[in-house]
Each structure stands twice: as structure tokens, then as C-alpha cells.
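Thanks for asking me to look this one over.

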Amino acid sequence: MLKKLSISTLALTATHVMAACPVVTGAGAGGQYPHLFEKSEFESRYECRMSFHQNPAITALNARIAGNPPLKPLAQRLPQEPQVVVPYQETGRYGGVLRGISKATEAGTSDLLSIRHVNLVRFNDDLQTIVPDVAKSWHWNQDYTVLTMQLRKGHRWSDGKPFTAQDIVFWYNYLILDPNITQKPKDRFLSAGKPMKVEALNDETIRFTLNAPKPGLLTNFALDYAQPFQPKHLLAQFDPKLNKDADRLAQSLGFKDGYTLMKFYYGQSDWKDIPTPLLKDKAAAQRLAKAGYTAILPTLEAYLVVEDTPDYRHLVANPYFFQVDTEGHQLPYINEIHESFISDEDIQTTKIIAGQVDYKTQAMNLPQTPVLLENRARGNYQMALRPTIGMTTFSFNLTDTDPDKRALFNQVAFRRAMSIAMNRGRINKIAYFGLGKPMQYTAFDPDTAPFVTEAQQTAWTEFDPARAKKMLDQIGVTDHNGDGIRDLPNGKPLALEFKYSTQGVATKVVELIAADWNRIGVKTTLKEVTSDEYRNSQTANNLDLMVWKMGRPLAAMSSNTQTLLPPYGTFFDLRTGMLWAQYRDSKGQSGVKPPATVDAMQKLADRFVTFTPGSAQSDQTGRQIAQRVVDDLFIIGTVKAVKPIVYRNTLVNFKVPKTWASDYYWAYPYLPTQWFLDPGRKAAPKTQ
């Protein structure tokens with residue numbers, strides 16, 4: 001049992017003493033939602049009165065959060081209605097450090113980010129049911145144009161300040177919509193291309209009013225890594241629109257102006273807090289802490305960053321976190337997270353085998369599995385293979401800086417020829433051990449979108465090098481000088497440099513693709529780079545070829561269609577047509593005008609998000625989208641397969657995810673705050 005520091009809530013009614021609450025764990029337990037109760041719901045179900053208990057180390061952990069004030073008593077740190085989490089197997093023990101590994105500060109980190117993540121709502125572990133998280137309830141109007149959400153009274157930020165609906169209004173109106181902070185709002189935070197109306201009806205009630213039906217907005221919150229709330233009490237002090245002395249205050253703290261300090265706190269994108277102020281400028285962060293501010297942005301998440309360096313990131317439990325278990329212990333159980341940055345895949349594998357990594361999902365590739373399976377006992381870990389959502393895809397640079405290559409890459413005959421020149425069956429056999437299915441990219445993950453047809457999934461996937469050669473001949477991609485290598489139609493050399501990161505694709509896959517293309521006379525060379533270098537080069541429009549995992553579940557596509565339109569993804573995804581995107585964003589003032597099919601896709605995407613997923617209109621429009629994707633073939637699919645997940649036997653209450661996928665945000669649906677560490681365990685804990 002946990003060592004407890006108890007603070008009891010009132011146990012007396014007017015006539016009798018309420019019973020102590022039972023310990024509730026295991027499959028099938030929960031209130032309105034699986035594995036969850038609201039406090040009042042739990043007490044009513046079991047006719048009891050909960051008492052609450054804190055982590056014995058929480059005061060020491062709080063002392064490591066630079067700038068955080070001394071702790072309030074637990075009763076003042078929890079909301080009036082904390083969320084009660086039913087552990088998968090057993091109530092846990094406080095303590096320990098969860099050890100993770102990532103490629104770099106912004107590479108391969110999101111599986112660990114997902115452990116601390118919160119949003120207004122999330123998906124349950126069935127990946128079908130949306131359940132409460134920061135918001136305790138919600139309701140739509142009849143036509144899905146007004147979403148109203150209820151927050152928890154007494155919920156607090158990690159620095160102890162109240163969290164209210166005003167923090168959501170501030171996030172939207174003063175961060176998302178202010179070009180001084182966010183250059184251009186993401187489409188997923190707009191409605192019919194225009195801002196939503198976000199208003200606080202009171203401290204615990206927030207309302208989103210849309211310009212057109214958008215039933216996927218709730219799903220977007222459940223899936224999104226970006227959090228639709230930020231601490232107004234801190235950031236508003238430095239916003240010139242809200243404080244006339246903002247610039248003077250920021251300058252007194254060593255910053256150019258208020259907006260510079262806001263961006264210092266808020267991060268360089270909506271990708272969480274990566275990097276934190278502690279990595280951006282540790283001295284400036286320490287200066288803020290000495291002046292009475294927090295060194296990093298206060299959060300609602302389960303853990304806070306206390307160290308951030310080029311080599312590692314270290315986090316401690318949030319002393320104001322809003323969840324408790326059924327015995328009233330404040331979550332999370334695990335005290336700390338340590339995340340090491342190692343880009344080399346072989347070293348990563350060695351550390352897993354040595355038992356130095358407690359959990360790893362992202363940036364794990366199937367070719368690692370034989371050696372990982374062989375060494376499970378040595379490292380005291382388990383490995384599970386789970387189906388991916390999406391697959392490895394590639395794209396030619398449709399707005400390449402070389403005008404001759406750009407002209408070639410924009411010919412659909414070239415893209416089709418290169419697609420059928422690939423031996424997907426061989427890729428499946430060698431790189432995926434025969435566990436995958438050769439498939440074309442359709443934008444949707446077909447396992448979650450039944451309207452995607454078999455013909456769409458197999459379009460231009462047959463291995464036919466003879467036909468590929470003939471198609472290249474017909475468009476003038478022939479050997480002009482007799483050296484056995486095909487040239488551009490104008491006779492200039494054609495050479496493809498295939499840069500890749502092992503976070504995005506296994507080396508074996510790109511080796512096989514390059515070999516197939518070389519066999520038909522298209523010179524293709526490979527170069528492995530870090531994921532940061534790859535992403536920066538891709539966004540700068542400096543690559544011939546792009547390669548990354550693409551294909552999203554229906555739930556995600558119903559709320560966010562960014563992968564259908566240039567540049568077809570975020571900084572962290574595959575991106576192509578960067579100059580098309582520039583043209584659209586600048587309304588034709590710069591960039592390159594995209595072909596007419598892009599405008600046609602925009603109309604389909606706008607229509608698709610107004611329909612409820614699974615409806616006849618949604619299915620019909622989704623099928624039309626998939627057909628346009630395979631007809632255009634801007635992004636080309638390979639093999640949809642499985643990937644490994646590794647977890648140590650000492651990690652208790654861990655449930656193996658249904659999929660290997662970032663789309664539902666890795667561990668987030670699987671209640672990682674109820675994980676705990678038991679160093680003595682050798683056998684794998686049972687999962688529900």
C-alpha cells in the first residue's frame with residue numbers, strides 16, 4: 001500500500017457517518033465512462049465519502065520546479081470534483097523514475113509527451129469513446145454549431161493559480177488569433193475558414209460557436225497534442241493588448257518586449273512546450289524565477305519539466321494534478337520521468353536490451369524486433385507488435401527548386417511509373433517479415449474508414465518494372481548518353497538524393513526502394529540524417545524526396561483535413577508542395593500556383609468536416625476524397641504493417657495499446673498516470 005499523508009474531507013452527514021470508500025480496480029469498473037468516475041458519482045455509487053492522500057515526496061518534488069511557490073494543502077490543490085481513475089490492475093505505489101529515450105529534443109519525443117498530456121477530452125482505450133479529461137462534461141446543439149463544455153470547479157494550474165474558462169478564451173483570442181504570436185491559425189482551429197467565437201459563460205463554462213456544422217471539433221480536442229488553454233494569469237501580464245505596461249515589464253526582465261517574453265514562455269509552435277525556456281535560455285529562465293515568476297509555463301499536465309538540455313529532459317509530478325485513484329491517492333504514482341536523447345538506432349536498441357528503458361513506442365522499427373525478442377529476459381521487458389495507423393509513404397518534391405525536376409515530378413505518369421517500379425511484396429517480406437499488406441496511400445487509414453475501396457487501396461501498387469520503364473520512355477526520361485542511367489527529358493542528368501531519418505522510416509525500406517529505382521535506370525542515392533535536419537530541409541523546400549508515415553484514422557480526418565491540402569502535413573509530418581502552400585497562404589502574391597485539383601480537394605475537404613462520421617454523406621464524400629488522392633498520387637504508399645512496443649515488466653498497470661500510432665496520441669488513451677514502478681517484478685503484469 002501507499003505510504004499516506006491524509007487529508008480527510010468531511011465524513012459526517014446530519015445523521016450518520018459515511019462509510020469508507022472501497023478499493024475499486026480492474027476491467028469493467030467505472031461510472032458513466034470506462035475506468036473513470038467523477039467524485040460525486042463514485043461516492044453515490046458506493047455510498048461512501050472519499051478522503052485524499054498525497055505523495056510523500058511531493059513537497060520535495062515541488063521544490064525542484066523553478067519559481068513554483070510553496071505548496072498549499074492537498075485539499076486546496078485538488079478540484080472540488082477531482083476525476084477518479086480506476087486502475088487497470090491495482091492501486092499503485094508512489095515513487096521511482098520512468099526512463100525513456102528519444103532521438104532529440106523534438107524528435108521521437110511524443111510517446112513520452114503523451115504520458116503527461118491532458119486535453120479537454122480524450123479517447124478511451126477502446127479508441128472509439130470520447131471521455132472527460134480537463135472538461136467534466138459537454139453538450140452540442142442540434143446542428144453541431146455550438147459546443148458547450150463544463151470545467152471542474154477549483155481546478156488549478158501547476159503554480160497553484162485557478163484554472164478557469166478565461167484561460168481557454170485567452171488561448172484562442174490572444175495566442176491563436178494574434179499574428180504577433182501565431183503567424184497563421186491552423187485550419188483545425190477555424191470554422192469554415194474563419195475564427196470561431198470562444199466565450200466564457202462563467203468560470204467553469206466555456207462555449208464554442210461555429211460558423212458551420214463541425215461535429216469533429218470534439219474529436220479534434222480528444223486527438224490533438226496542442227492544448228486549448230494557456231495560463232492567462234501569467235501571459236496576460238506581458239500582452240500589450242491587455243497590459244499597457246507589458247513592454248516595460250518585459251524589458252525589466254531582460255526581454256525586448258512583451259510579445260518576445262510571451263513567445264519565450266509559449267514555445268515555438270503548438271507542439272507542447274518543446275523546447276522549454278530552460279533549454280532556450282536557461283539564464284533567462286532562472287532570471288524569471290528569481291523575479292517571482294515560474295521558469296517554465298504553468299501547466300495542467302501530469303508532469304513538469306525541471307531540467308532541459310541538449311542531452312536529456314527531466315520531469316517531476318505536478319503537485320496540483322486533478323486526478324486521484326479510487327483510494328483517493330493523488331496521481332500520478334510515478335515521481336519523475338527521465339528522457340535521454342540518442343539518435344542512433346543501434347544504441348537505442350542496446351539500451352533497451354540493457355534494461356535502461358522502461359517504455360518505448362515511437363521511432364521503433366520492425367527490423368529491430370528479432371534482437372529485441374531474443375533479449376527479453378536479459379532486459380526484463382516485453383515486446384508487442386501492434387498494427388500501425390497509416391504507413392511509410394513518400395513524395396517527390398512537387399515544387400522542387402530545380403525547375404527541370406519540378407516539371408518532371410509534376411507529371412502523374414512519372415509518379416505512377418515510380419510507384420509500380422517498387423516491389424512492395426519484397427519490401428513486405430524483407431523489411432516487415434511478411435506481416436504487412438502492400439497498399440496505396442488514400443489519406444485515410446482504411447481499417448478505420450470502411451468506405452475506402454479495395455481498388456483504391458491497390459491503385460498503382462502492382463510490381464511491373466517493364467511497364468514502369470515504358471512509361472518513363474514515353475515521357476522522355478531515357479538514357480540520352482548511353483551510360484545506362486536515365487536522364488531528364490532535356491538530356492540533363494537525373495539523380496535523386498533520398499534523405500531520410502530512421503524516426504520516419506526504417507533504413508531497410510528506403511534501401512529496397514532505392515534498389516528498385518536504380519534497376520529501372522533512375523539513379524537514386526541514400527543519405528541518413530537526423531530527424532531535425534530532415535524536417536528543416538523538408539520545410540525549406542530543399543529535398544528531392546520526402547518520406548514519413550502518413551494516413552490518418554477517420555476520427556482524425558473528420559475534424560482536421562490538413563493532410564489533404566498543401567503542404568499536406570505539419571512540420572512533423574511528410575510535407576510536399578511547399579510553394580503551393582505559400583501561394584495559397586499569400587493569396588497569389590508569392591509561391592507557385594497549384595494545379596486545379598488542389599482547389600477541387602479543398603471543396604471536398606470543406607464539405608467532409610460538416611458531416612457526422614459514418615453517415616451516408618460522410619462516406620460518399622470520403623470515398624471521393626480517397627479517389628482524388630490516388631488519382632493525383634502526390635503521396636505514394638508502400639506497405640501497411642506492424643511495429644514494436646517495448647515495456648519493462650516492472651511497469652505495472654501498463655496496457656498494451658491497440659495500435660502503434662501517434663494519431664490517438666500514443667499512451668494518452670491508456671491512463672498512464674496510473675502506471676507505477678515495481679522494481680522487483682520479473683514476470684509481465686497482466687493487462688486488462
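1. In this predicted model, the lining of the largest cavity is made up of 11 nonpolar, 14 polar and nine charged residues. The cavity has a volume of about 660 Å³. There are 34 lining residues, and those closest to the centre are Tyr225, Phe572, Asp573, Ser662 and Asp663.

2. The largest share comes from β24, with three residues. Domain 1 (118–231) and domain 2 (391–640) both contribute to the lining, so the largest cavity lies between them.

3. Now to the open spaces. The largest pocket has a volume of about 1,700 Å³. Its lining takes in 50 residues, with Lys184, Pro185, Lys186, Asp187 and Asp585 nearest the centre. By class, the lining of the largest pocket holds 20 nonpolar, 17 polar and 13 charged residues.

4. Which elements each supply at least two residues of the lining of the largest pocket? They are β10 (190–191), α9 (258–266), α23 (578–585) and α24 (596–608). Of the elements, α23 gives the most, with five residues. The largest pocket lies between domain 1 (118–231) and domain 2 (391–640), because both give residues to its lining.

5. The second largest pocket holds about 480 Å³ of space. Its lining has 25 residues, and Phe123, Leu127, Gln128, Ala555 and Tyr664 are the closest to the centre. Here the classes come to 13 nonpolar, seven polar and five charged.

6. For the second largest pocket, α6 (217–223) and α22 (554–557) each supply at least two lining residues. Residues from both domain 1 (118–231) and domain 2 (391–640) line this pocket, so it too lies between them.

7. Helix α9, which supplies at least two residues to the lining of the largest pocket, packs with helix α11 (residues 282–290) at an angle of about 105°, the axes being 12 Å apart. That makes the two helices, α9 and α11, roughly perpendicular.

8. Where α9 meets α11, the residues from α9 are Leu261, Phe264 and Tyr265, and those from α11 are Ala284, Ala285 and Leu288. This contact has six nonpolar residues, with no polar and no charged ones.

Note on methods
Residues are numbered from 1 along each chain as its sequence is written. This is a predicted model: local features need pLDDT of at least 70, side-chain atom pairs count only at pLDDT 80 or more; totals for chains, interfaces and linings use all residues. Side-chain values use heavy atoms; hydrogens and water are left out. On a 1 Å grid over the protein atoms alone, a cavity is a set of points where a 1.4 Å probe fits but cannot get out, and a pocket is an open set with protein on both sides within 12 Å along at least five of seven lines; lining residues have an atom within 4 Å of a point. Grid points are joined across faces, edges and corners, and a volume is the space filled by probe spheres set on the points. Helices (H or I, at least four residues) and strands (E, at least two) are DSSP runs, numbered from the N terminus. Ala, Val, Leu, Ile, Met, Phe, Trp, Tyr, Cys and Pro count as nonpolar, Asp, Glu, Lys and Arg as charged, and the others, Gly among them, as polar. Domain bounds come from an automatic or database domain assignment. Axes are lines fitted to C-alpha atoms, for helices over the stretch in contact, and angles run from 0 to 180 degrees between N-to-C directions. Angles under 35 degrees count as roughly parallel, over 145 as roughly antiparallel, 65 to 115 as roughly perpendicular and the rest as oblique. Contact means heavy atoms within 4.5 Å.
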